[in-house]
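Please look at the sequence and the three-dimensional model shown below.

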Amino acid sequence: MADKTTDIDIGDEITLEITIVKLLDGGRASVQIAGYDFPFSMAVPPKSKPGDHLELTREAVRVDDDLGTVTVVIGWPITVRQASVGVTKVPPRKKPLRDKAT
C-alpha cells in the first residue's frame, strides 16, 4: 500500500515527471519516469539532452486506491504510483454525455 494517496478519478489529468537518461537514434531517448520502475523509451524534443526534465500530461484510465497506483497511456498503458504524480481535476460537465433514456 502506498504511503500517500490522492483523490484521483478516471478521466483526471495526470502529470508525469520524466528525466532523460540517454539519447538514442531516431529522435528517441531512454527516460526515467517517476513512480515507474522499468526502463522506458520515447520520442523527445529535438534539442533535449541527458539530464533534462520533462512533464507529460495524460488522462487516468485506471485507478487502484488499494495499491496506490494509477494507469495512463503513453503509447501503451503504464502504471505508476499515485504519490509520484500531479493531478488536475477535470471540471464536471454541464450537459451529460448521453441523453436521458425515454
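The model is a predicted one, in which local features need pLDDT of at least 70 and side-chain atom pairs count only at pLDDT 80 or more, while totals for chains, interfaces and linings use all residues. Residues are numbered from 1 along each chain as its sequence is written, and side-chain values use heavy atoms, with hydrogens and water left out.

The side chain of Asp52 meets that of Lys49 in a salt bridge, at 3.7 Å from N to O. A salt bridge here is a side-chain nitrogen of Lys or Arg within 4 Å of a carboxyl oxygen of Asp or Glu. How many salt bridges does this rule give? The count comes to three. Another of them joins Arg62 to Asp64, with the closest N and O atoms 3.7 Å apart. Arg62 is partly exposed at 44% relative accessibility, whereas Asp64 is buried at 15%. There is also a salt bridge between the side chains of Asp37 and Arg81, at 3.0 Å from N to O. Asp37 lies in the loop between β2 and β3 and Arg81 lies in strand β6, so this pair ties together parts that are 44 residues apart in sequence. Asp37 counts as exposed, at 59% relative accessibility, and Arg81 as partly exposed, at 38%.

The names of the strands call for a view of the whole chain. The protein has zero helices and seven strands. Both kinds of element are DSSP runs numbered from the N terminus: helices are H or I with at least four residues, and strands are E with at least two. From the N terminus on, the order is β-β-β-β-β-β-β.

Some of these strands are paired, a term used if DSSP finds at least two bridges between two strands. Strands β1 and β4 run antiparallel and are joined by seven bridges; in this pairing Glu13 stands opposite Glu59 in β4. Strand β4 is also joined to β5 by four bridges, and these two strands run antiparallel. Here Val63 stands opposite Val70 in β5. The hairpin of β4 and β5 has four residues between the strands, and Gly68 in this hairpin takes a positive phi near 75 degrees.

Attention may now turn to the interior. Of the 102 residues of the protein, 29% count as buried. In soluble globular proteins, nonpolar side chains tend to be buried together. A nonpolar core is a set of buried Ala, Val, Leu, Ile, Met, Phe, Trp, Tyr and Cys residues joined through side-chain atoms within 4.5 Å. The largest such core has 20 residues, and those with the most contacts inside it are Leu16, Val31, Ile33 and Ile78. Strands β1, β2 (28–33), β3, β4 (53–64), β5 (69–74) and β6 each supply at least two residues of this core. Its largest share, four residues, comes from β1.

Two residues illustrate these surroundings. Contact means heavy atoms within 4.5 Å. With neighbours within four places in sequence left aside, Leu16 is in contact with several residues, including Ile33, Leu56, Ile78 and Val85. Thr15 belongs to strand β1 (residues 13–23) and is buried at 16% relative accessibility.

Rings of Phe, Tyr and Trp (its six-membered ring) pair if their centres lie within 6.5 Å; planes under 30 degrees apart count as stacked, over 60 as edge-to-face and the rest as tilted. By this rule there are three aromatic pairs. The rings of Phe40 and Trp76 have their centres 5.5 Å apart and their planes at 55 degrees, so this pair is tilted. Phe40 is in strand β3 (residues 40–43) and Trp76 in strand β6 (residues 76–81), 36 residues apart, and the pair thus links distant parts of the chain. Is Phe40 buried or exposed? Phe40 is buried, with a relative accessible area of 5%, while Trp76 counts as partly exposed at 49%. Ring pairs link Tyr36, Phe38, Phe40 and Trp76 into a cluster.

Methods: Buried < 20%, exposed > 50% of the residue type's maximum accessible area, 1.4 Å probe, protein only.
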